[in-house]
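Keep the 3D view open as you read.

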Amino acid sequence: MFLLQATNQPGISFVLFLGTLGMLVLTLGLILFIIFHQRKVIRYQLRLQQMEQEQQKILLNASIRLQEEERQRLAADLHDDAGPLLATARLYLNENLVNQDKTTQLQSIYQARQILDDTIQLIRNISHSLMPPTLKNFGLESAVNDMFQKISGSGQINASSRFHEYKDRLKPEKELIVYRVVQELVNNILKHSNSSFIHLTQNMQNGSCLLRLHHDGRGIVQTDFEKLNKSNIGLGLKNISSRLKVAQGNILFEKDASQTYYKVTIEIPRDDPYESLAV
Amino acid sequence: MAKTKTIENLFNYLAFFSDLLPILFYIIYFKKIKKDKATRVIVSYLLFDFAINIALIYIDVRIHNKIYPIATFFESLFFAYFFYLIIKKRSLKTAIIICSIIVALTSLSYYVYTYHYVYGVLKRTVHLDSVPIAIETFSIFLFSFFYFFEQINDTENLFVYNKPSFWGVLGILIYLAGSFFVYISANSISRQQLLQYWVITNIASIIKNIFFVIAILLMVNQTLKKKPLRKNPSYTLN
C-alpha cells in the first residue's frame with residue numbers, strides 16, 4: 001500500500017511489488033521444501049534403522065532358541081542314552097561284588113565292558129554331531145563330501161557333492177559356518193522337500209566362494225525366505241541368516257531357469273589376510 | 001508524504017547500520033570463530049558493503065553509477081567464495097569456480113560496453129548495473145541449489161537449520177530475492193521512484209544481516225560444543 005501511494009506509475013509498482021513478493025515466496029518455498037524433504041528422509045532412515053534393529057532382535061532370539069534346543073537335545077541324549085547305559089554297567093559291576101562265582105563274574109564283567117563300549121560310541125557320536133572331526137582335520141570339502149556320502153548311503157535320496165576350486169581353504173571359523181549352513185539346508189530339504197536328489201557344487205567367483213545346492217523337490221524362493229526370516233516361524237532359516245551375517249556372506253533361494261529345480265546359492269567372501277573373524 | 005519519507009530514512013539508517021551488527025558479534029566472539037573461513041568471508045563482505053555505503057553518502061550522486069558496478073562485482077565474488085567454502089563436493093566446487101569466472105567475464109564485458117567514455121563523456125547513463133546484478137543473482141541462486149543439493153544428500157546432518165552455513169545462505173537468498181526486482185527495474189524508472197522503492201532492498205538487507213548474526217551465533221555455539229574437555233592432571237598417567 002505504501003508503495004502504491006508512493007508512485008504515480010501503478011503498473012511498474014504492481015510488477016515490482018508482485019515480482020519481489022514472488023521471489024521471496026519462491027525462496028522461502030525452496031527452503032521449506034528442503035527442510036521438509038530432509039525431515040522426511042531422516043524419518044525414513046530412522047524407520048529403516050528401527051526395522052533393522054527388530055530384524056537383529058529376531059535373529060538373536062532365534063539363535064538363542066536354537067542354542068537352547070541344541071542343549072536340550074544334548075541333555076536328552078546324555079540323560080536318556082548314556083545315563084541308563086552307565087547305570088546298567090554299574091549294576092553289572094555291583095553284581096560282580098555280590099556274586100562270588102567266577103563264571104558269573106566273568107560274564108558280568110564282559111557285559112559291563114560291552115555296555116561301556118556302547119557308551120563310548122554314543123558319546124563319540126554326540127561329540128561328532130557337535131563338531132565333525134572330518135571338518136576339523138580335513139576341512140570343509142571332506143566334511144561336506146562325507147555328509148553327502150552318508151545321506152546317499154541311507155538309500156533314501158541320491159546325494160552328491162563336488163568342489164571344483166577349493167585349493168585354498170577358508171578360515172576354520174568360516175568353514176564351520178558354511179558347514180552348519182549346508183547342514184541346515186540339507187536337513188530342511190530332507191524334511192520338507194520330498195526330493196529325489198540333492199546336488200552340491202562349489203566354485204570361485206569374483207574372489208568369493210560359491211556353493212550351489214540343487215534339488216528337485218518342494219522349495220522356497222528368496223521372497224519366501226525373507227518373509228520367513230521376518231516372521232516368528234522358520235528358526236533354522238533365521239539361524240542361517242545370522243550365521244551368514246557373521247561370515248559376511250549372502251544366500252539366494254531361487255528356482256532354476258527351467259523351473260524344474262530349486263537352487264540355493266551361498267556366497268562367502270574370501271578371507272582377508274588381515275581380517276580377524278569375530279564370532 | 002513526510003511520514004513516508006521518515007519511514008524511508010529509518011529503513012535507510014537501519015540497513016546502513018545493520019551491516020555492523022554481524023561484525024560486532026564477530027568481534028565479540030573473535031577468539032572462538034577466528035578460524036572459520038566462511039565467517040571471515042561474510043564479515044569481509046559486510047565491511048566492504050559498509051565501506052561502499054559510506055562512499056555512496058560522501059561521493060557525488062552523479063557518479064554513484066560508477067560505484068555500483070564495483071559493489072556488484074565484488075559482492076558476487078564474496079558470495080561465490082562463501083559458497084565455494086561451504087560446499088564440500090569437489091565437482092560442485094569446480095562448477096562454482098567455472099560459473100564465477102563466466103559471471104565475472106560477462107559482467108566486465110558489460111561494464112566495458114556500457115560505461116566506456118566517448119570523448120570524456122559516458123556513452124550511456126544508467127542508474128544501476130541491472131544486467132550484472134541479474135546475472136549475479138542467478139549465479140548465486142544456482143550455487144544455493146548446489147548447496148541444498150549437497151545438504152539433501154548429506155545423511156549425517158540431521159537438521160539443516162542447525163548449520164551456520166544454512167543461515168548464511170538463507171540471508172544471501174532473501175537479500176537477493178528481495179532486491180532483485182528493484183535492481184532490474186532501476187533503469188526503467190526515475191531516480192526519485194528508485195529511491196522510494198529502495199526501502200524493499202533495505203528491508204531485505206536488514207533481514208540478511210539478522211540471519212548473518214544467527215549464523216555467527218550458531219558457529220560460536222558449535223565451536224563451544226566441539227571444544228574438547230580439559231584434561232584433569234590427576235587422571236593422566238605418569
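The largest nonpolar core holds 53 residues, and Phe83(B), Tyr147(B) and Ile216(B) are the ones with the most contacts inside it. A nonpolar core here is a set of buried Ala, Val, Leu, Ile, Met, Phe, Trp, Tyr and Cys residues joined through C-beta atoms within 7 Å. Buried has its own cut-off: 20 or more other C-beta atoms within 10 Å of the residue's own, against 12 or fewer for exposed and anything in between for partly exposed, with C-beta atoms placed from the backbone. Two or more residues of this core come from each of helix 2 of chain A and helix 2 (20-28), helix 4 (37-58), helix 5, helix 7, helix 8 (164-184) and helix 9 (191-226) of chain B. Helix 8 of chain B gives the most, with 14 residues. The helices (H or I, at least four residues) and strands (E, at least two) are DSSP runs, numbered from the N terminus.

Before going further, a word on what you're looking at: this is a predicted model, in which local features need pLDDT of at least 70 and side-chain atom pairs count only at pLDDT 80 or more, while totals for chains, interfaces and linings use all residues. Residues are numbered from 1 along each chain as its sequence is written, and chains are lettered from A and ligands numbered from 1 in the order in which they are written.

Back to Ile216(B). Leaving aside residues up to four places away in sequence, Ile216(B) touches Pro22(B), Phe25(B), Tyr26(B), Tyr29(B), Ile33(B) and Thr39(B). A contact means that the C-beta atoms of two residues, placed from the backbone, lie within 7 Å.

Now pick out two helices of chain B. Helix 5 (residues 64-86) and helix 7 (residues 130-153) of chain B have axes that come within 10 Å and cross at roughly 10 degrees. Axes are lines fitted to C-alpha atoms, for helices over the stretch in contact, and angles run from 0 to 180 degrees between N-to-C directions. These two helices of chain B are therefore roughly parallel; the scheme is under 35 degrees for roughly parallel, over 145 for roughly antiparallel, 65 to 115 for roughly perpendicular, and oblique for the rest. Among the residues that meet are Phe79(B) and Phe83(B) from helix 5 of chain B, and Phe143(B) and Tyr147(B) from helix 7 of chain B. By class, this contact has 11 nonpolar, 3 polar and 2 charged residues. (Ala, Val, Leu, Ile, Met, Phe, Trp, Tyr, Cys and Pro count as nonpolar, Asp, Glu, Lys and Arg as charged, and the others, Gly among them, as polar.)

Where do the chains meet? In total, 20 residues of chain A are in contact with 23 residues of chain B. Helix 2 of chain A gives the most to the chain A side, with 15 residues. That side divides into 12 nonpolar, 8 polar and no charged residues.

Chain A itself has 8 helices and 5 strands. Its strands form an open sheet of 5, in the order 1-2-3-5-4 and with mixed pairing; two strands pair if DSSP finds at least two bridges between them. Strand 1 (158-163) and strand 4 (250-255) of chain A stand at the edges with a single partner strand each, so one side of each has no neighbour in the sheet. From one strand to the next, the twist averages 15 degrees. Strand 4 of chain A runs antiparallel to strand 5 (residues 262-269) of chain A, and 6 bridges join them. Lys255(A) stands opposite Tyr262(A) in strand 5 of chain A. Helix 5 (residues 140-153) of chain A packs on the sheet and touches strand 1 and strand 2 of chain A.

Two loop residues deserve a look. Most residues other than glycine have a negative phi. Asn194(A), however, has a positive phi, near 60 degrees, and is found in the loop between helix 6 (172-193) and strand 2 (197-205) of chain A. Asn206(A) also has a positive phi, near 50 degrees, and its place is in the loop between strand 2 and strand 3 (208-215) of chain A. Asn194(A) is exposed, with 12 other C-beta atoms within 10 Å, and Asn206(A) counts as exposed with 8.
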